[in-house]
Amino acid sequence: MGEDRPTPSSEPAAQPSEAGVTTGALARRLGVSPTTLRSWDRRYGVGPAVRSGGRHRRWTPQDVAMLEEMCRLTSAGVPPAEAARTARKGVERIPSGSDPRATAGPLGRQRSQAAGALPLGDVRQECRGLARAAVRLDAPAMDDQLASLVERHGLVVAWDEVMVPTLHAVGRKWESSGDRYVEVEHLLSWHISRTLHRATEPARPDAPATGAGPVVLACVPGEQHSLPLQALHAGLAELGLPARMFGAAVPTEALTAAVRRLGPTAVVLWAQTRSTADVPLARHVAGTHWGVKGARNHPAVVLGGPGWAGRPLRGMLRPTGLRDALGSLRGLYDGVAPVPAS
């Protein structure tokens, strides 16, 4: 925490702690880092109107409205000093004690027409914070929020309830705005990928005690969307299950060679679209065997991604999401989910 300025004796008495939100909570809500909020306070005077006698700031509804406007303007490309002046003037128009969200006037109208706002719908508050940081191209804030999400909620919740909805919102914004915001999607994807890679860093055993083979993770040929596989890879690392991540657009020959060399317990084939979902490849992998005569094995085949929808393949697993996929793969190692018959 940075140092606060001393509270002048002429200022109103400090509000009780329940009268406002903390800097950390406000930072998560707005999609900025706490350091950014303290910097804006020092440089541009957009800090809390009332300060406690200690080191902790508390932000009132008027303060929050001012910071929301500051974020909206900077996301639209307005220089921070000018954005701060506009945000302060907007809050000055709000009567003391009123709810800024219900107050008509320039500030309320500007927020409803926020430039760069993403079509999120009814989602967790963390989605809105992450989306704001992404639109501002605020890399430190995205890193902080993503790391905090995984730490506080776990990988599955962070992926299913925050990362994926925010990515979808960016994609919809891109499609509806004539190829604008592609830089937002690329930067957000990269930081999510970075977070997922970090989740696999702690040293873990490379194989269960049974000595079973790893899980092979591969996108089908022509498929470039590998983020969902990265999330699955990180989830397997959390469970301590071995995996080999081959990533995007794996050629058929390379995938077949890897399966024969590794003797995997399961092969996950990701297809984002129907045009890339390769049914003959899935059947080929399911029919790949290894081992000596009389004791030959073959992998379970897991079909991941919306590209496989409407294409049920006998004997192959079709999980509905990350949690289901992790449960199915864990079951293969625990012996509660045997490999389906081909």
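**Before the views.** A residue is called buried when its relative accessible area is under 20%, exposed when over 50%, and partly exposed in between (1.4 Å probe, protein chains only). Helices (H or I, at least four residues) and strands (E, at least two) are DSSP runs, numbered from the N terminus. This is a predicted model, in which local features need pLDDT of at least 70 and side-chain atom pairs count only at pLDDT 80 or more, while totals for chains, interfaces and linings use all residues. Residues are numbered from 1 along each chain as its sequence is written, and side-chain values use heavy atoms, with hydrogens and water left out.

**View 1. Helix α6 is mostly covered.** Welcome to residues 125-135, where 8 of the 11 residues of α6 are buried. Those buried residues are E126, C127, G129, L130, A131, A133, A134 and V135. After the helix comes L137, with a positive phi near 60°.

**View 2. A salt bridge joins R136 and D138.** Here the term salt bridge stands for a side-chain nitrogen of Lys or Arg within 4 Å of a carboxyl oxygen of Asp or Glu. The side chains of R136 and D138 meet with an N to O distance of 3.3 Å.

**View 3. R194 and D143 connect two helices.** In this salt bridge the closest N and O atoms are 2.8 Å apart. The pair links distant parts of the chain: R194 belongs to helix α9 (residues 182-199) and D143 to helix α7 (residues 139-153), 51 residues apart. R194 is partly exposed, with a relative accessible area of 31%, whereas D143 is buried at 13%. Looking beyond this view, a search of the whole structure finds 4 salt bridges.

View 4. An α-helix has 3.6 residues a turn, so residues three or four places apart point the same way. R330 counts as partly exposed at 34% relative accessibility, and D334 also counts as partly exposed, at 48%.

View 5. Two strands are taken to pair if DSSP finds at least two bridges between them. The 4 strands of this sheet follow the order β2-β1-β3-β4, with parallel pairing. At the edges are β2 (243-247) and β4 (300-304), each pairing on one side only. Neighbouring strands are turned by 15° against each other on average, direction ignored; axes are lines fitted to C-alpha atoms, for helices over the stretch in contact, and angles run from 0 to 180 degrees between N-to-C directions. Zooming in, 5 bridges join β3 (residues 266-270) to β4, and A266 stands opposite A300 in β4.

**View 6. Helix α13 lies across the sheet strands β1, β3 and β4.** Contact means heavy atoms within 4.5 Å. Helix α13 covers residues 322-334 and runs at about 165° to β3. The strand β1 spans 215-219.

View 7. Which residues does Y44 touch, not counting residues up to four places away in sequence? They are S39, M70, P80, A81, A84 and R88. Of these, A81 is 37 residues from Y44 in sequence and 6.1 Å away in space, C-alpha to C-alpha. Y44 is partly exposed, with a relative accessible area of 21%.

View 8. The pLDDT is the predictor's confidence in each residue, from 0 to 100. Its mean over the protein chain is 78, and 73% of the residues reach 70 or more. Where pLDDT is low, the predicted coordinates should not be read in detail.
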